[in-house]
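Subject: Structure handover

Hello,

Here is the structure for your files. My notes on it follow below.

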Amino acid sequence: MAIQPGAQKIHIAVLECCRFPADVVAVRGQFGDIFESWLRKSLDLFNKKRPLGNPLEIAVTSWDVEHGEYPPSLDGIDALIVTGSPLSACDDEPWIKVLEKYIQAIDIYTQARVKIFGGCFGHQIISQVLLGPHGVSVSRSPQGWEIGVHDIALTAEFTAHFPSLLGNEALPCQFLHVDQVVVPQGTLPEGWIRMGSSRLCDVQGLYKPGHILTYQSHPELDRFVMENVVRSFEPSGILSVDEVEEAVRLIDRDDLALVAGEVVLEFFSREK
């Protein structure tokens, strides 16, 4: 792709924390492909609001961290994405322990030069690593699964940082999780902001300006991927037939996935 004169270009490295089944891969690719597709669709909207002659361009690379692949260097990398996973951030898996140390090292040694975005499992493991010393934890939600499109009631403090959210008090997004981030007494350390909450989950994302952004939701996943994954839950006994059909009904609701993507692009492209 030719870069326009005056364009801002950012390199995003996607840390893939799971592999999709072959029928999903044949249509949508792996997690890195899915994130790139979502961000490029959001980019079309984002650039229409940018100054003429100063578009944002993105380059995306993917790394299978579940099997030990990481960028050999952070030189030239502007942002990291930590994806979702069917595993829990609390699981005692060797690759999860390595990922935790990697996130911690990025936070300490890049001094916020490299921005970090986490989605679902990524949101949870980033919160656990960086905010665990402040009492933040990850645990199974007593509300059970949150699946399909649900509204995130956004906090005014969060929306104030993102022009893309102007006029939006709620952000409907796709969800697929049963674990959640728990913030003790609802308080965060200085410099951290809560994104908002839903009916089933109090902590729908976290923001540390210039450095960290997380979503509990999955705006990168479309109806096809969501339904494929959820229908696999019935034969495995995770959900009943009736629960699967209700989840599919919720998956089919309209969302604002591209607005959520614009927010991520605002975060990645913003000067520190």
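**Helix α7 and its neighbours**

The buried residues of α7 pack against β6 (146–154), β7 (170–177) and α6. Those buried residues are V244, A247, V248, L250 and I251. They sit on the same side of α7, because they cover an arc of only 160° around the axis. The arc is that of the directions from the helix axis to the C-beta atoms. An α-helix has 3.6 residues a turn, so residues three or four places apart point the same way. Buried means under 20% relative accessible area, exposed over 50%, and partly exposed in between, with a 1.4 Å probe and protein chains only.

Some ground rules. This is a predicted model, in which local features need pLDDT of at least 70, side-chain atom pairs count only at pLDDT 80 or more, and totals for chains, interfaces and linings use all residues. Residues are numbered from 1 along each chain as its sequence is written, and side-chain values use heavy atoms, with hydrogens and water left out. Helices (H or I, at least four residues) and strands (E, at least two) are DSSP runs, numbered from the N terminus. Contact means heavy atoms within 4.5 Å.

**The α6–α7 pair**

Helix α6 (residues 223–231) packs on helix α7 (residues 241–251) at an angle of about 170°, with axes 10 Å apart. Axes are lines fitted to C-alpha atoms, for helices over the stretch in contact, and angles run from 0 to 180 degrees between N-to-C directions. From α6, the contact uses R223, M226, E227, V230 and R231; from α7, V244, E245, A247, V248 and I251.

**L258**

L258 lies in helix α8 (residues 257–269). It counts as partly exposed, because its relative accessibility is 32%. Leaving out residues up to four places away in sequence, L258 touches W38, K41, S42 and L45. The C-alpha atoms of L258 and P72 are separated by 31 Å; the two residues are 186 apart along the chain.

**Whole protein**

The secondary structure comes to eight helices and 12 strands. The C-alpha atoms fill a box of roughly 55 × 40 × 40 Å, taken along the principal axes. Buried residues make up 53% of the 272 residues. Among contacts between residues at least 6 apart in sequence, 77% join residues at least 24 apart.

Best wishes
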